Amino acid sequence: MIPRVSHHVLRSASALAGLSVVAACYSGGPLTNADGTDNGTTTSSLCAKTVPGPAPLRRLTQLQYDNTVRDLLGDNTHPSQSFPPDQKQGDFTNTAVALTVSPLLAQGYESAAEVIAARAIAKGATFFGCDPVKGEDACAKTFVAAFGKRAYRRPLTTEETQTLFDKLYTPNRMDADFNNGIQAVVEAMLQSASFLYLPEIGAVDRKKDDAVPLTSYEMASRLSYLLWSSMPDDALFAAADADALRTPEQIAAQARRMLGDPKAKSAVEDFFAQWLHVRDLGSVAKDPGVYPDFDNTMRAAMQAETLAFVDWVMWQSDARVETLLTAPVSFINASTAKVYGITGVTSATPVKTDLDPKQRAGIITQPAILTALSKPDRSSPVVRGKFIRERFLCQTISPPPTDVIITPPKITPGVSTRDAFSQHSIDPKCSGCHKLMDPIGFGFESFDGIGRFRTVDQGKPVDASGSLIGSDVDGTFIGAPELAKKLAQSQQVRDCVAVEWFRYGHGRGETPDDACSLDTLKKAFSAANYDVRELIVALTQTDAFRYRPQVKP
Amino acid sequence: MSLRISRRGILSAGAALAAASLLPRGVGADNKPPKRLLIVFSANGTIYDNWAPSGTENAFTLSPILAPLAPFQKKLLIVDGLDVKVAHAPGPGDDHMKGMGCMLTNIELLPGNTQGGAGTPAGFAGGISIDQRIVKDVGQMTRFPSLEFGVMVHDSDIWARMIYSGANQPLPPMEDPVKVYARLFSGMQGNPAEITKLLKRRKSVLDHASVTLDTLATRVSADDRIRVEQHAASVREIEKQLIAQTAACSAPSGVTQIDLNNEANYPAVGKLQMDLLVAALACDQTRVASLQWSRSVSQIGFPSLGITSGHHDLSHKPDDDAASKAALVKINIWYAQQFAYLLQKLDAVPEPDGTTLLDNTMVIWVNELAKGNVHSHSPLPVVIAGSCGGAIRTGRYLKVPNGTPQANLLVSAANAMGVPLTSFGNPAFCTGALSGLA
């Protein structure tokens, strides 16, 4: 059976007090009250015992596969592009239980391994690390041990080394074809369980139900795949060789070092691209009659813009949630300039540009997100409101009642999108739950279906006034920049960012066993003034990251 | 130009060549053409009053939506009244997810962490789909146990997967015609000696992969073990493909790179995929296949039909919205035209006994919903084409009693393919084979 992951487990009844009118419509809420106090539970009681939560076996994602072959073999060809896409469950495509291997994917691994290995072997002695002319079998043995350790991210056992030499190298080097023997070894490693998965079975399980600390090699991989979406580097291997990835201090020091490496961009971009639907934009279609400018170039430019902004916030600015949500700058190129109505930008590379803070501020006003959260022919207050609820407030909206025929409003000249959705507030079957979404989404009505600022919609002046209920920053606002300011001050939003990172970082949803880990995480985030870089470091300090449960066969 | 592997090359590879793979194309053990199963999917329900034929079982007139199938009317069995019962059960998932994940598995979705538009959060389907169950019996006869084709599916979530090799084991469709061509038809490069060397290396590499996976499976938790064992099974399957390379296959022409993100290419990609699919069946590379148009909740637009709204948005318009209804009818007619093209291609492939590939195939066209705006699961619009070597009596419009489990059709499909099932999936939602098919 698949471990059940529930969004309801952390629901705090007290957080919903006073919301009886909408309480039936959503689940999820702040674990910590707005005033910063815990809901009747102290950290010490949550953390009385070391409880790691589940640790499902993780398979390399496509991004991790590509980055790993880059770092292992200097191969920058992104071979996973030919694989079927990683299966998606929940908010992210790295959910461990969904990453199965179909025959199609197994064949993708086979084909990729063949071309990757051939490219590497063409480099000859540089790649082998020895000169086969001086003794082929000796060179092969050296290669198996040295390359194997980097491929498996731990030293090979004697048995593994022997098998690779006897069953891969030897039979395939017949007819004096050394390269074919090594090719077989490399292909075999790239298709082995130890390369494609991150097994955590090195430590000897202690007594039943104990939390098991990870070995230093397993910790090196946890760190490298969290921070870099790739394999450990020499420094991590050296630390693992010295068994120096055991204490929280040792782990934090490595995490900080790794955040300073440009490789950290990849995992961070992947998180934001998935969390904020930027990646989904890749397959979003628009009605060319309504949005003739929207094409593959503009789609790619929008994605590049948001990722450039994320990079700037994370690595050039202060990495704070508030900056992410409110900075009135973006990174615009010739294509997105058309969306912004800016003239004179001709560069294909995004250029940092100041924006009118009354119109736009921060990530939720960027075209990539606004476009992904629209219909093919119009904006969508419902989808945009639901997005804020789910991805920033970590609340799940209940579905419509089964007896409602859902009828999205038509575009009618002279009727604004906002007015077209008025049925939701009239029909009592709809209004109970839609009041949690539509009034937030109305605040985005200044942006059309591809994120262009507008003051007129269907011939009517845009009304971008909105309101927020069921949160710790309830109240009215006008326009998305004002909403962003509210969200930036919300404890619930900050906690939600921490939870989303937890889900991404562990490839699973949170469970009751994660209460201490999440509490630790949120407190550390708060202590760091909501610096997301420090949140990532804090992820490595929790029980969930440092331990795994006993394997129960 | 690639050199297709010769039969001598295969034999000299020395592996344990399955005897079945040496049978000439189109000859089964009983000297009759082999039977094939082909499942076709299109999304978001239909417009029943424009879909259902009129008349009697044996004398019926095709509806506007099914009119494009007129040339094949004698080879059709239109089944009206089936109900995806399992989708009414209180399991996880919304109606689209349940339709997609349950219509071929007849089992509830697993609990998970994907929240749909209704219901509780769901995971992937809880069991094997009927085609893959049939594969267990007939899949060893061909190079590929089955082939899954998709047309602009794009996503990889629960709404985008209908074929399952087991619980939580969705099989992704191949979406890029160029890659399909390479996988099915490009053959192997090089002279016989080089091919022998390559096959030998591949075999040792895949053997090693299986051993490492089997070893890992013994050391992880029960939940993880299922996934690792599935991976090992996938490796063993591609290992069989090494030695069962089909000798002579004529590949379709005109397969060139095409932008899979541009919806204007939807018809062109679909045609290429159908051409490749029929070619694969024609040279017996597989006997079980599926073709998935887009996905559940498809938002594909049809500007060439003058339809600019997304399909799913349209499917939610109220019944009295005449313009939207007309657009939905047009979309479903378009899918019927594609289905007709597929049937025409299948019917153009002669078999040694004078029948056609279509005659020896059971093509089943399904939808994850009956009616889009109410998310109903009955009466499911089901069209069967081909008699599967005489197992199905065609040329009929079969009205089954309302509430007949759609899972019964899955049992019948297995029986038609020679797999003797009496129930499939969750037995609570299946009462045995559908009567009146033969």
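H24(A) passes H25(A) in a right-handed crossing, meaning that the near helix is turned clockwise from the far one by less than a right angle. Keep in mind that this is a predicted model, where local features need pLDDT of at least 70, side-chain atom pairs count only at pLDDT 80 or more, and totals for chains, interfaces and linings use all residues. Residues are numbered from 1 along each chain as its sequence is written, while chains are lettered from A and ligands numbered from 1 in the order in which they are written.

Axes are lines fitted to C-alpha atoms, for helices over the stretch in contact, with angles from 0 to 180 degrees between N-to-C directions.

| Helix pair | Axes come within | Crossing angle |
|---|---|---|
| H24(A) (residues 491–506) and H25(A) (residues 515–527) | 10 Å | roughly 125° |
| H25(A) and H26(A) (residues 532–539) | 9 Å | roughly 150° |

H24(A) and H25(A) are therefore oblique to each other, whereas the angle with H26(A) makes H25(A) roughly antiparallel to it. The cut-offs: under 35 degrees is roughly parallel, over 145 roughly antiparallel, 65 to 115 roughly perpendicular, and the rest oblique.

Who touches whom? On the H24(A) side, A:Arg494, A:Asp495, A:Ala498, A:Val499 and A:Phe502 make the contact, with A:Leu518, A:Leu521, A:Lys522 and A:Phe525 on the H25(A) side. Contact means C-beta atoms, placed from the backbone, within 7 Å. By class, that's six nonpolar, no polar and three charged residues. Ala, Val, Leu, Ile, Met, Phe, Trp, Tyr, Cys and Pro count as nonpolar, Asp, Glu, Lys and Arg as charged, and the others, Gly among them, as polar.

H25(A) also passes H26(A) in a right-handed crossing. Here A:Leu521, A:Ala524 and A:Phe525 of H25(A) meet A:Glu534, A:Leu535, A:Ala538 and A:Leu539 of H26(A). This contact has six nonpolar, no polar and one charged residue.

E1(B) pairs in the parallel sense with E9(B) (residues 361–366) over six bridges; pairing takes at least two DSSP bridges. B:Arg36 stands opposite B:Thr361 there. Five bridges join E1(B) to E8(B) (residues 288–293), also parallel, with B:Gln292 as the bridge partner of B:Phe41.

Definitions and conventions
Helix = DSSP H or I, 4+ residues; strand = E, 2+ residues; numbered from the N terminus. Contact = placed C-beta atoms within 7 Å.
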